[in-house]
Amino acid sequence: MGDSVPVVDFRQLCEEEECKKVREACEKCGCFRIINHPISITLMADMKSVAKYLHDLPNETKKRNKAVISGSGYVPSSAASPLYEGLGIYDMCSSPQAVHNFCSELDLPPHHRHIIEAYGQAIHDLASIISQKMAESVGVVGSDFKDWPSIFRMVKYNFTPETVGELGVELHSDTGFITLLQDDEHVSGLEMMDDSGSFVAIPPKSGSFLCIIGDVAHAWSNGRFRNMEHRVICKETTTRHSFGTFMLASRYGYVEAPKELVDTNHERLYRPFKYEEFRELRITTGKRAGEVLEQFRIK
């Protein structure tokens with residue numbers, strides 16, 4: 001399936017055929033690649049340079065990146081995840097203070113701050129449009145995702161010759177609605193689980209974003225969208241950098257399927273729930289692959 005991850009042309013999203021491709025990708029694959037998007041290659045490259053700069057900072061400096069919600073700040077390598085290291089910013093588009101605080105805490109130069117602000121706004125706008133088109137693909141019109149909070153995470157995988165075959169991130173599904181991933185264009189490692197339970201490599205593609213469907217989208221779509229289970233494994237003996245924008249859920253109200261997706265032939269699968277409740281349950285139970293959704297399933 002690595003070569004058959006659906007490719008969606010952003011410029012043609014208003015076309016019926018491309019909209020159908022989005023729906024089928026969400027339902028069958030749980031992910032798709034976005035090409036011809038409005039974020040420039042230069043800005044993508046600049047953001048990667050900033051991410052590398054940040055990860056080269058002393059550990060004591062990186063620890064100033066405090067979490068606003070669990071997992072949104074600095075996550076150092078640990079015994080459980082020795083190859084993984086991440087920095088993060090929570091809700092940086094709706095709250096300009098978030099970027100200011102992040103840059104101030106880590107003493108970033110003004111040029112780096114400008115890049116983070118420009119990239120953050122551009123990727124949030126792209127995530128909002130993609131989410132809207134996903135909703136329209138299943139007949140839900142008028143949904144507005146612009147105010148949905150997100151976590152922007154910059155991840156470094158410390159791959160070495162000794163760690164080939166080891167996990168950088170264990171199998172999981174993302175908690176939110178979608179993740180837009182700017183993968184390392186040179187270093188592979190991302191794998192998804194297919195219908196047979198086999199792992200299939202998702203090779204990087206320069207200049208594109210990989211859209212990954214999360215648990216919230218699965219519940220919101222009344223089970224139509226597939227929440228993709230994936231992992232990162234060390235295959236190459238060089239450092240791997242990737243960063244993703246995790247669009248979570250509406251900051252107001254509950255996660256629940258809209259009326260357009262519930263009828264006599266499609267009964268409501270999940271009771272409405274708060275995203276914070278769901279996220280906390282995932283953390284406290286240690287379950288990482290969407291199993292917690294079963295606790296919200298209507299019997």
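This report walks through the aromatic contacts of a predicted model.

## Ground rules

Since the model is predicted, local features need pLDDT of at least 70 and side-chain atom pairs count only at pLDDT 80 or more, while totals for chains, interfaces and linings use all residues. Numbering runs from 1 along each chain as its sequence is written, and side-chain values use heavy atoms, with hydrogens and water left out.

## Ring pairs

There are 13 aromatic pairs in the structure. To pair, rings of Phe, Tyr and Trp (its six-membered ring) need centres within 6.5 Å; planes under 30 degrees apart are stacked, over 60 edge-to-face, and the rest tilted.

One of them joins Y119 and F152: a tilted pair, 5.6 Å centre to centre with 45° between the planes. Y119 belongs to helix α5 (residues 110-137) and F152 to strand β4 (residues 150-157), so this pair ties together parts 33 residues apart in sequence. Helices (H or I, at least four residues) and strands (E, at least two) are DSSP runs, numbered from the N terminus. Y119 is buried at 1% relative accessible area, and F152 is buried at 1% too. Buried here means under 20% relative accessible area, with exposed over 50% and partly exposed in between (1.4 Å probe, protein chains only).

F273 and F278 make another tilted pair, at 5.6 Å and 45°. F273 is buried at 0%, and F278 is buried at 0%.

## A cluster, and charges over rings

F145, W148, F177, W220 and F225 gather into one aromatic cluster.

Two rings also carry a charge over them (NZ of Lys or CZ of Arg within 6 Å of the ring centre and within 35 degrees of the ring normal). R231 sits over the face of F199, 3.5 Å from the ring centre. K274 has its charged end over the ring of Y254, 5.0 Å from the centre.
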